[in-house]
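Please look through the sequence and the model shown here before reading on. The paragraphs that follow lead from one part of the structure to the next.

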Amino acid sequence: MNPIKVALLGCGTVGSEIARLLDHHGEDLAARIGAPVELTGIAVRRPDRHREVRADLLTADAAGLVASDVDIVVEVIGGIEPARTLLLDSLRANKSVVTANKALLAEHGADLYAAADASGADLYFEAAVAGAIPLVRPLRESLAGDRITRVMGIVNGTTNYILSEMDSTGAGYAETLEEASRLGYAEADPTADVDGYDAASKAAILASIAFHTRVTASDVHREGISSVTPSDIAAARALGCTIKLLAICERVGEPGEEHVSVRVHPAMLSKSHPLASVGGAFNAVFVQADAAGQLMFYGQGAGGAPTASAVLGDLVAVARNRVAGGRGPRESAYAALPVRPIGKVSTRYHISLDVADRAGVLASVAEVFAKHDVSIAAVRQEGRVGDASLVIVTHAAPDHALQSTVDDVRQLAVVHDVVSVMRVEGEQS
Ligand code: NDP
Ligand code: HSE
């Protein structure tokens, strides 16, 4: 059998593990595929800095490598360019692509899918969402006969690591972020993690597959964790909750008028919820489908070896397709559901206020909530000398109503400060 020729673009945290595993498991992979795999080149920015792979494989000419005689291009460079051009060129030349690049897929997925469709090449990206966890293929293939209604999960290892450490050890934000970068979890620019861009890209990919609708990163409401403070964490604890950065993709509205809602934000989650115990860089995703009911996927969501595992799974799949002379399942966006704006999405909220401690304060605050039709589920007040901390938990309310409520509450003379506003997830409204 002729070898399947593979070009590797990138040899950093993930790419170096891919090269290592290809070298160690080459014979097994050949047996599984039905043809040997030959790594023909590795493109990097600075070839002189890579001692972990064979020097004769390294090149700084990624475009030349892609244009050479290869069957499969594996991209783990990250970012938009040059990855976008390299992958479009590969697909147009009928070279199958395996990528871990969620930022690229969430922004330019449509162009990549179109190029793959036109040439008949495969485009696989299991590693782009939740590291080692098989999630893309179960959604796209195993659940293709069902109707998925909700996907909710922790899909960013870096922020989960930071929030877990802040909660369990009281460690500071900056030091845990540094450690997440050192451990290889964070993106090259870690603001992509902490500001929620990485999770938003993954949410867009998940929603697209789950709801057969093209969702891009700009359709996703996004809030990061940089404003989460130790006092938020303490407030969550007092409520029996922990704070997690959640990605939530939902099918909302009545049949015939369905929309999708896709959002990423920190939320207080009851400690009894299974996602609350997901610590460190682990990821977990709940999928709710009409016939299947609830499914949960759990595992290592970041790091070189776990991500390389998902990439190699895709590599074996597309190589098998090549050997068999076929192609794998395509993307499907036939449903084309509209995206519901965040203002119309309902959730519960936890609002923490510093207020004057005197008669009538609670009534005046409650009056503002009533004016905007935001129903209060619970109130807790702790007095201090001259002022008090007032914590309000609401029933589910539309985001626009809650924002108007907070704006008006802020104007009350008896309210000294709106200390924090955070969504509460995982319980009934
Ligand atoms: P790294 O920053 O560790 O590695 C990037 C690699 O790409 C480096 O080898 C770099 O070369 C090379 N590179 C950068 N620019 C170019 C260029 N213009 N031409 C050729 N090579 C280039 O990133 P990661 O390995 O962490 O991530 C790679 C991808 O995998 C990203 O899309 C990321 O989102 C995704 N991913 C990462 C996970 C993780 O846990 N790290 C998990 C899941 C997905 P050089 O080394 O010479 O600078
Ligand atoms: N930076 C990402 C994370 C890598 O922390 O989850 C995995 O996609």
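**Around the ligands**

A nitrogen atom of ligand 2 is 2.7 Å from an N or O atom in the side chain of E187. Such a pair is a polar contact, defined as two N or O atoms within 3.5 Å; within protein, one must be able to donate a hydrogen and the other to accept it, and residues adjacent in sequence count only if both atoms are side-chain atoms. The model is predicted, so local features need pLDDT of at least 70 and side-chain atom pairs count only at pLDDT 80 or more, while totals for chains, interfaces and linings use all residues. Residues are numbered from 1 along each chain as its sequence is written, chains are lettered from A and ligands numbered from 1 in the order in which they are written, and side-chain values use heavy atoms, with hydrogens and water left out.

What else surrounds ligand 2? There are 13 residues around ligand 2, and the closest are K102, G157, T158, Y185 and E187; a residue is near a molecule or strand if one of its heavy atoms lies within 4 Å of it. Two further polar contacts involve oxygen atoms of the ligand. A backbone N or O atom of G157 lies 2.7 Å from an oxygen atom of ligand 2, and a polar side-chain atom of T158 lies 2.6 Å from an oxygen atom of ligand 2.

Ligand 1 is surrounded by 24 residues, of which the closest are C11, R45, R46, E187 and G303. Its oxygen atoms also take part in polar contacts. One is 3.1 Å from a polar backbone atom of G12, another contact places a polar side-chain atom of R45 at 2.9 Å from an oxygen atom of ligand 1, and a polar side-chain atom of K102 lies 3.1 Å from an oxygen atom of ligand 1.

**E187 in its setting**

E187 is listed among the closest residues of ligand 1 and of ligand 2. UniProt, in an unreviewed entry, places the feature "binding site" at E187; UniProt positions are given in the numbering used here, feature names are shortened, and annotations may be inferred rather than shown by experiment. The residue lies in the loop between α8 and α9, where helices (H or I, at least four residues) and strands (E, at least two) are DSSP runs, numbered from the N terminus.

Not counting residues up to four places away in sequence, E187 touches K102, A192, D193 and D198, contact meaning heavy atoms within 4.5 Å. With K102, the side chain of E187 also forms a polar contact of 3.2 Å.

**Aromatic rings**

The structure holds three aromatic pairs. Rings of Phe, Tyr and Trp (its six-membered ring) pair if their centres lie within 6.5 Å; planes under 30 degrees apart count as stacked, over 60 as edge-to-face and the rest as tilted. The pair of Y161 and Y185 is edge-to-face because the ring centres are 5.8 Å apart and the planes stand at 65°. Y161 lies in helix α7 (residues 157-169) and Y185 in the loop between α8 (173-182) and α9 (191-194), so this pair ties together parts that are 24 residues apart in sequence. Y161 counts as buried at 11% relative accessibility, whereas Y185, at 21%, counts as partly exposed.

In the pair of F282 and Y298, the ring centres are 5.2 Å apart and the planes are at 15°, so the pair is stacked. F282 belongs to strand β11 (residues 282-289) and Y298 to strand β12 (residues 293-300), so the pair ties together parts that are 16 residues apart in sequence. F282 is partly exposed, with a relative accessible area of 30%, and Y298 is partly exposed at 48%.

Rings also meet charged groups. The charged end of R140 sits over the ring of Y124, 5.0 Å from its centre, and R222 lies over the face of Y197, at 3.8 Å from the ring centre. A charge sits over a ring if NZ of Lys or CZ of Arg is within 6 Å of the ring centre and within 35 degrees of the ring normal.

Conventions:
Buried < 20%, exposed > 50% of the residue type's maximum accessible area, 1.4 Å probe, protein only.
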